[in-house]
Amino acid sequence: MSSASGTNNSASKPTSTRAKPANKAEATADWVDGRLGIYSLAKANLRKIFPDHWSFMLGEICLYSFIIIILTGVYLTLFFKPSMAEVVYHGSYLPLNGIKMSEAYASTMNISFEIRGGLLIRQIHHWAALVFVAAMLVHMMRVFFTGAFRKPREINWVFGFLLLVLGMFDGFFGYSLPDDLLSGTGIRFMEGAILAVPIVGTYIQMFLFGGEFPGTDIVPRFFTIHVLLIPGIMLGLLVAHLILVFYHKHTQWAGPGKTEKNVVGMPLMPVYMAKAGGFFFLVFGIIAAMSAIATINPIWAYGPYRPDQVSTDAQPDWYMGFSEGLIRIMPGWEISVWGGHTLNLGVMVPLAIFPAVLAAIAVYPFIESWVTGDKREHHILDRPRNAPVRTALGAAWISLYLILLVGGGNDLFATHLHLSINTITYTVRVGFFVVPVLTFIVTKRWCLGLQRRDKEKVLHGRESGIIKRLPHGEFVEVHTPLAQKDLHTLTAHEQPQPLELPAETDENGVARKAGVVTKARVKLSEGFYGEGNQIAKPTTEEYQEITSGHGHH
Amino acid sequence: MSENLPEAHAASHGTDVATHGEPFADPGLPAHEPRRTDIDERAAKRAERQVSLLFVVSMLATVGFIASYASIDADKLVYIFPLGHVSALNFALGMTLGVALFCIGAGAVHWARTLMSDHELPAERHAIEADDDVRNDVIEQFRTGAAESGFGRRKMIRNTLIGSMALVPLSGVVLLRDLGPLPEQKLAHTNWDEATPAKPIKLVNMNTDQPMKPEDVVQGSLTFAKPEGLEESAEDFQQRIAKDALMIVRIAPADLKDAKSAELGFEGILAYSKICTHVGCPISLYEQQTHHALCPCHQSTFDLADGARVIFGPAGHPLPQLKITTDEQGYLVATGDFDEPVGPSYWERPR
């Protein structure tokens with residue numbers, strides 16, 4: 001060892017070809033790279049290309065509002081007491097002075113009136129939650145209507161779907177925590193719904209509430225679910241969602257130079273770092289300003305929860321409105337089964353439709369690829385008009401959601417529009433079945449009309465507004481031919497053919513009958529891409545014929 | 001015109017332009033068009049000043065936030081058009097925070113849009129799935145590993161492992177048992193069942209806390225009542241009132257359509273459960289002309305003159321009724337529990 005000190009140390013070191021760091025920052029980066037290997041990670045991602053389109057920021061709004069919810073949520077947990085122990089209120093809000101209430105409600109009052117900035121953070125938390133769910137819904141619509149959920153992104157669709165569902169439920173749990181009159185009524189509704197579950201309903205109810213309604217356990221239990229369990233799962237899903245977005249690279253719209261094999265846009269560093277990072281502050285700033293001017297959930301106006309009291313327009317937050325609509329329009333069917341047992345269909349059926357509608361959305365990518373037999377990767381987005389059946393299905397879903405939202409707010413519609421609540425409810429009952437079908441038909445025809453218009457534009461050019469008189473006296477409007485990039489963009493979409501039934505006999509002449517499943521699949525595929533479900537794209541021949549001077553009109 | 005078509009386009013631009021078998025050729029990425037700030041240094045300087053100004057405004061707003069926090073009282077109200085009277089502190093904090101954050105965002109976005117490069121660049125995509133060599137190699141490695149484990153060969157180990165894995169989550173389910181008591185008959189009874197003909201329980205007006213006499217109940221009015229002895233200070237008040245709450249109405253005996261219901265009442269005074277049989281909201285809206293009671297949550301409507309039959313809405317059965325009479329001092333009393341369980345329906349509920 002001692003002899004080693006005499007030798008030249010640098011000779012025994014492995015020689016490094018690495019350039020000397022130019023400055024402190026590079027030296028730090030070198031240090032970190034030696035421990036974490038950041039250079040290999042950054043190599044692929046630092047100048048990663050993102051395509052630009054306004055609709056791609058909807059997902060960003062979801063991400064940023066989620067971060068805002070977590071930040072403000074942590075603040076609120078520092079002051080909120082998730083306890084149903086009874087206290088007497090002696091705070092600065094005089095109308096409730098001396099009133100008995102739970103600690104949960106009292107501490108929410110304290111946050112709203114005593115803690116400086118507490119009301120603001122509470123309102124930012126609630127507003128951000130509404131923005132979060134709204135942005136998730138709209139983001140999901142964007143992904144749906146453009147076909148961005150197709151291979152390889154089906155799994156990410158499911159992750160996104162789970163985030164939406166968890167977000168909705170976490171919103172419900174959060175809404176229930178202050179233990180005010182409105183939120184307690186929501187929990188009572190949940191209790192009634194649980195009781196309607198056959199066989200195990202009463203057991204679940206007793207275990208969830210720790211006894212009979214309302215007991216003293218539900219708020220602390222919801223608190224743990226709201227701040228720990230669901231957000232924890234959501235955080236994991238969110239990270240997975242974003243990793244997949246990075247891994248798949250972003251989809252893009254058809255256009256000159258854009259193919260299934262490339263992605264055209266601007267690099268992460270610096271443009272997207274600045275734009276996306278800046279956008280976080282825009283979203284946060286707007287939500288903060290909203291919370292300064294618009295009061296949300298004024299729990300002091302409702303008062304503490306009492307099971308024998310209720311206020312009118314008892315309604316959940318809007319994103320739960322469709323379950324509320326289902327429960328309000330369902331007739332009160334209650335039947336007796338197996339001697340003495342009660343099946344509460346009036347509550348059970350709506351509660352079964354609720355997950356069924358959600359599940360239909362969750363599995364849609366798999367259904368579509370099964371029906372169409374399309375197993376290829378897709379990175380170029382569909383314009384909604386070029387996938388009429390998908391677009392019409394999406395519109396039908398939205399119309400169902402909206403009609404149920406009307407059902408969920410039937411009392412508000414009745415009082416504001418001076419209508420009979422019974423009439424609204426009967427109308428919604430009929431509308432539940434009729435409106436989605438009508439919406440489907442109208443939307444599909446609309447899409448086909450737009451496709452025809454595109455074809456017209458490609459073949460005849462754009463209307464210029466200039467009227468020309470021909471030598472023989474006829475007036476015609478001059479059409480401007482489209483630029484090459486527009487011709488390409490308008491005709492870049494695919495037009496898949498429907499599946500066909502296999503030949504009735506195989507190559508050896510042996511009869512081979514198609515099964516029921518195959519037949520159904522062919523029929524559905526016909527419904528997607530068959531005759532009358534898409535307008536044939538203009539062909540080279542059609543274009544040549546028109547532009548060569550013959551038959552020009 | 002014909003240069004728009006794939007063949008002609010390919011001929012005039014070399015063969016590197018993809019045609020994709022489409023009717024019209026893809027002209028490829030358009031040339032970059034410079035922005036004003038790219039060619040005019042004065043415009044670029046102006047943009048730079050605008051960005052910096054936004055960041056400075058943000059700094060001022062943060063200072064304003066801290067100043068508001070320190071100087072404005074939490075209970076001070078101000079009138080701001082068109083919001084009305086709002087908390088001065090909430091408004092000041094929210095607006096300054098909003099401006100501070102928004103200006104950072106606006107500055108960054110403005111910077112990116114005007115001064116950073118706006119050259120669109122293409123990047124190649126790579127297939128998500130591995131090539132065949134990698135795939136075969138991995139499958140082979142897995143097969144080797146699986147064979148070495150003997151998982152497929154030693155069926156007994158495999159089956160018992162699957163069995164143990166399937167059973168072990170049950171411990172987690174069993175552990176949830178002590179979350180709450182068993183339902184037993186708890187939902188079937190209310191606290192009115194402590195009343196007997198020998199020891200009746202008085203009906204107490206919810207608002208005045210006084211026992212009620214028949215003459216206190218005005219025809220066409222709706223009164224809420226609770227059992228005597230149930231005080232708001234009681235530890236389990238919430239749990240008890242969730243079942244015991246009563247709705248007292250007085251209907252002219254001639255208007256009563258249901259004989260059994262009339263018999264349970266006293267001289268046209270009827271005591272119904274206040275808890276809706278749909279999902280358990282308290283019913284609070286009464287229309288004295290029609291004797292209809294409406295639940296504000298989901299609009300279930302009950303005809304109180306007809307045994308609280310459901311006439312509209314999602315409730316599945318009538319409101320339970322409490323048999324009432326008067327005691328020797330003339331107070332309204334109950335002598336037993338409701339004729340059936342109150343509140344929302346459930347599996348074990350007799351029907």
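Select Val264(A) and look across to chain B, where its bridge partner in E3(B) is Pro122(B). Strands here (E, at least two residues) and helices (H or I, at least four) are DSSP runs numbered from the N terminus, and two strands pair if DSSP finds at least two bridges between them.

Before moving on, note that this is a predicted model, in which local features need pLDDT of at least 70 and side-chain atom pairs count only at pLDDT 80 or more, while totals for chains, interfaces and linings use all residues. Residues are numbered from 1 along each chain as its sequence is written, chains are lettered from A and ligands numbered from 1 in the order in which they are written, and side-chain values use heavy atoms, with hydrogens and water left out.

**The sheet across two chains**

E1(A) and E4(A) are joined by two bridges, and if you click on Phe50(A) you will find Met266(A) of E4(A) standing opposite.

**The interface**

Next, colour the two chains separately: 123 residues of chain A are in contact (heavy atoms within 4.5 Å) with 97 residues of chain B. Together the chains bury about 9,100 Å², 63% of it on carbon and sulfur atoms; buried area is the accessible area (1.4 Å probe) that two parts lose on being put together, summed over both. Between chain A and chain B there are four salt bridges, a salt bridge being a side-chain nitrogen of Lys or Arg within 4 Å of a carboxyl oxygen of Asp or Glu. One of these to select is the pair Glu129(B) and Lys151(A), whose closest N and O atoms are 4.0 Å apart. Then show helix H12 (residues 268-293) of chain A, which gives the most to the side of chain A that touches chain B, with 16 residues.

**A hairpin in the open**

Move to strand E7 (residues 462-469) of chain A, where none of the eight residues is buried (under 20% relative accessible area, with exposed over 50% and partly exposed in between, 1.4 Å probe, protein chains only), so the strand lies largely in the open. Five bridges join E7(A) to strand E8 (residues 475-480) of chain A, which runs antiparallel to it, and Arg469(A) has Phe475(A) as its bridge partner in E8(A). Five residues lie between the two strands of this hairpin, where Gly473(A) takes a positive phi near 105 degrees.

**Two buried side chains**

Select Met190(A), which is found in helix H9 (residues 181-195) of chain A and counts as buried at 15% relative accessibility. Leaving aside neighbours within four places in sequence, Met190(A) is in contact with Phe172(A), Leu208(A), Phe209(A) and Phe222(A).

Finish at Arg390(A) in helix H17 (residues 388-408) of chain A, which counts as buried at 3% relative accessibility. Which side chain makes a polar contact of 2.9 Å with the side chain of Arg390(A)? Select Glu368(A) to see the partner, and then Asp382(A), whose side chain is joined to that of Arg390(A) by a polar contact of 3.1 Å. A polar contact is a pair of N or O atoms within 3.5 Å; within protein, one must be able to donate a hydrogen and the other to accept it, and residues adjacent in sequence count only if both atoms are side-chain atoms.
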